[in-house]
Amino acid sequence: MHLLELPTIRRRDEPALIEALLAEQQSLAAVERFARLHVAGPGTGPAQARYYRDLLPLGAPQPGEQYAFVVDLDSCSGCKACVTACHSLNGLDDDEAFRDVGLLTGRDRQGLHVLQYVTTACHHCLEPACLAGCPTRAYDKDSVTGIVRHLDDQCIGCHYCTLMCPYDVPKYNPAKGIVRKCDMCRQRLADGEAPACVQACPNQAIRIEVVARAAVQAAAAAGDFLADAPDPLLTLPTTRFVSKREPLRDVSAAGTMPDQPAAAHLPLVFMLVLTQMSVGMFCLAGVLELAGQPIAASQLAAAVIGLVGLHLAILHLGRPLVAYRAWLGWRTSWMSREIIAFGLFSASAFGLVVATLLPQMPLAAAARPWLSLATCLWGAIGVFCSAMIYVATRREFWSFSRTVPRFALTAGLLGAAGLLVVLALTREPVPPWLPAMLVSFTFVRLIADTSILKHRDDERPGSLGRSAGLLSGPLTHWNQLQSLAAMCGGALLPLLLLQSPHAAPLVGLLSAGLLVAAELIHRGLFFAAVAAPRMPGAGHP
C-alpha cells in the first residue's frame, strides 16, 4: 500500500500532473482568443474594436514625431499570420511578400540555447536610402506620418532601391516591371484601422506607436536596434524591437542559406564596360592628338562603342518606355547624375565626331579642341558617377577605394586596347608607351583582384570574407578565366607586340578581344560576388 501513498510526497503547493493538464486544457490558446473576437454575434463588435484600438496610438504624430512599428519579441511565435494577412490584403503575387519572419539563435545568461522569432517589414526610416537613391523620385516620405511609400506609377524598374536598402525591404516584381514595398497600410491608418499585420497577429506582437525622431537618432547611435541586423546608423530605422528578457549572447540568424552568387545584371555589365572603354578611347585619342598623331577613326569608334553601351542599359529596366524620368532625382541619386553626365558626354562626342568628319564646316577647327575637352571631361564625370552608384550602397565589396580605381582602370585598359586596334587597322605607328601602359595596368588589376581573396580565411568573415568565399567557391572558374584572359590580353600579347611591331594588326585585335572578354567577366563578378546585407533569418543572400 506504500505505492498508493507516493503522491503525497509532493509539496502541497504544487498541483498534481493531472490537475495541471486539466488547467491547461481549460485555458484558451492565442489563436482561440483571437478567433473569439471575430465570431459574429451580439456584443462582439465593441470588444473587437477595443482590441484593435489598443494596438494603435491615441493621436496623430506631432511635429518631430512619426508612426513606427513596435515588435514584441517575447510574443512573436513565428506563425506568419502577419505575412499571410499582408499578402492577402495588398493583393501580392504568389512569390511576393512585404513582411518576413526570421529566427535568431543565441544563449541566455546560463549558457542555454534560445530561439527567438522575429517579424520585420519596412522600417520607414528617418533617412530612407531607397528614397535617396531612386532616380525617378518614386519614393515619398510623408511629412506628417513619416510613412515611406512607393509611387508605382513613377517607378521605371531599375532595381536600384533594392541595392540601396540595407534591410532587403523593396521587392522587384518582374510581372509588373516595378518595385513594391510596405506602406504601413496607410489608408487603413487614416481611417483609424490597424494595418493588416497588426490586425492578424494572434499574440498582439505587432503594434503601431508614435516615436520621436530624436529618440530614434539616439537609439541608432547607441546601436539599439536588432541583433545581427545591419547598422541602424545607415538609414535610422524607426521600428522598435522590445523584450523583457535579458539580452542574448552569441546571437546569429538561424536557417540562413549559404551565400549564393547574386544576379549578374548583364545589361549593366555591358553598359559599364562599353561606356568606360569609350571614355578611355576618347581620352587617349586626345593624348595622341596633342602628341601630333590625330586619329579620326579612334573618335568615331569610341562614339559608336559608347552609344551601344548606353542603349544596352535600357534592357535592364522593367519599364524602359518611361526611362526619360530617370534624371528627376539628380539632387540625391547618383544614377540620375550618371544619366545626365553621359547625356552631355554623348552630345559633346557627337559634336566632336561631326567636327572631325566635316572639317570644312565653319568654326569646326576652332570648336574641335573644346569639344574634345568637353567629351573627356563629361566622360570622366560619368564614369565617376557610375562608380558612386555602387559606393552609395555602402557594401564593403563596392567601397570607394575598390570601385572608383577599378572603374578608372577599366577605362584606361580598354581605352588603350581599343586605340591599339584602331592604330593597327589604319596602319598607323603604335607608340611604345601604349603596350607598356597595357602591361602595367594589367598587373595592377591582377594584384587588386587577388588581394580580396585573403579575406576568405578570416576567423569571423564579414562581407568581404563572404565575397572572397564566393570568388573562391561557386565563382572560382569564372574568376580564373577572367584572370587568364587578362594576363594573355594585357600582358603577354602587348609584350610580344613590343618585340615584333610588324604583327600589330593580329596581336592588337587578339589583345583587345581578350581584354574586353576579361572585363565583361570581371564586371559580372562585380555584381555576382557582392555580399548583400541580411536581416535575421532571411533565407537568401
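Predicted model: local features only at pLDDT ≥ 70, side-chain atom pairs only at ≥ 80, totals over all residues.
Let's start with helix H11, which runs over residues 296–312 and has 17 residues. From its first C-alpha to its last, H11 reaches 25 Å, close to the 24 Å expected at 1.5 Å a residue. Which residues of H11 are buried? They are Ser298, Gln299, Ala302, Gly306 and Gly309. These residues cover an arc of only 95 degrees around the axis, so they sit on the same side of H11. As for what covers them, the list includes helix H10 (266–290), helix H12 (334–357), helix H13 (364–391) and helix H14 (400–425).

Helix H15 (residues 433–451) is next. Its 19 residues should span 27 Å at 1.5 Å a residue, and that agrees with its end C-alpha atoms, which are 27 Å apart. Arg445 and Asp449 come back below, in a salt-bridge network.

## Rings with rings

There are 14 aromatic pairs in the structure. Take phenylalanine 282 and phenylalanine 345: their ring centres are 5.7 Å apart and their planes are at 85 degrees, so this pair is edge-to-face. Phenylalanine 282 belongs to helix H10 and phenylalanine 345 to helix H12, so to speak two distant parts of the chain, 63 residues apart, linked by the pair. Both phenylalanine 282 and phenylalanine 345 are buried.

Elsewhere, ring pairs join Tyr390, Trp398, Phe407, Phe526 and Phe527 into a cluster.

## Arginines over rings

Two arginines are placed over aromatic faces. Arginine 99 lies over the face of phenylalanine 69, at 4.9 Å from the ring centre. Arginine 337 lies over tryptophan 334 in the like manner, at 4.6 Å from the ring centre.

## Salt bridges

The structure holds 13 salt bridges. One of them joins glutamate 96 to arginine 180, with the closest N and O atoms 2.6 Å apart. Glutamate 96 is in the loop between helix H4 (81–89) and strand E2 (100–107), while arginine 180 is in strand E7 (residues 178–180), so the bridge ties together parts that are 84 residues apart in sequence. Are these two partners buried or exposed? Glutamate 96 counts as buried at 7% relative accessibility, and arginine 180 counts as buried at 11%.

Glutamate 209 and arginine 240 form another bridge, again with the closest N and O atoms 2.6 Å apart. Here strand E8 (residues 206–212) supplies glutamate 209 and strand E9 (residues 240–242) supplies arginine 240, so parts 31 residues apart in sequence get tied together. Glutamate 209 is buried, with a relative accessible area of 14%, whereas arginine 240 is partly exposed at 36%.

Glutamate 289 counts as partly exposed at 28% relative accessibility, and arginine 368 counts as buried at 14%.

Then there's the network: salt bridges link Arg406, Arg445, Asp449, Glu519 and Arg523.

## Around leucine 89

Leucine 89 is found in helix H4 and is partly exposed, with a relative accessible area of 46%. Which residues does leucine 89 contact, leaving aside its neighbours within four places in sequence? The answer is Cys185, Arg188 and Ala196. Alanine 196 is 107 residues away along the chain, yet the two C-alpha atoms are separated by 6.7 Å.

## Positive phi

Most residues other than glycine have a negative phi. Cysteine 185, one of the contacts of leucine 89, has a positive phi of about 45 degrees although it is not a glycine. Cysteine 185 lies in the loop between E7 and helix H7 (186–190), and is buried with a relative accessible area of 12%.

Histidine 124 has a positive phi too, near 45 degrees. Its place is in the loop between strand E3 (113–120) and helix H5 (129–133). With a relative accessible area of 1%, histidine 124 is buried.

Definitions and conventions
Residues numbered from 1 in each chain as written. Heavy atoms only, no water. Helix = DSSP H or I, 4+ residues; strand = E, 2+ residues; numbered from the N terminus. Expected span 1.5 Å × (residues − 1). Buried < 20%, exposed > 50% of the residue type's maximum accessible area, 1.4 Å probe, protein only. Arc of directions from axis to C-beta. Contact = heavy atoms within 4.5 Å. Phe/Tyr/Trp six-rings, centres within 6.5 Å; stacked < 30°, edge-to-face > 60°. Lys NZ or Arg CZ within 6 Å of the ring centre and 35° of its normal. Salt bridge = Lys/Arg side-chain N within 4 Å of Asp/Glu carboxyl O.
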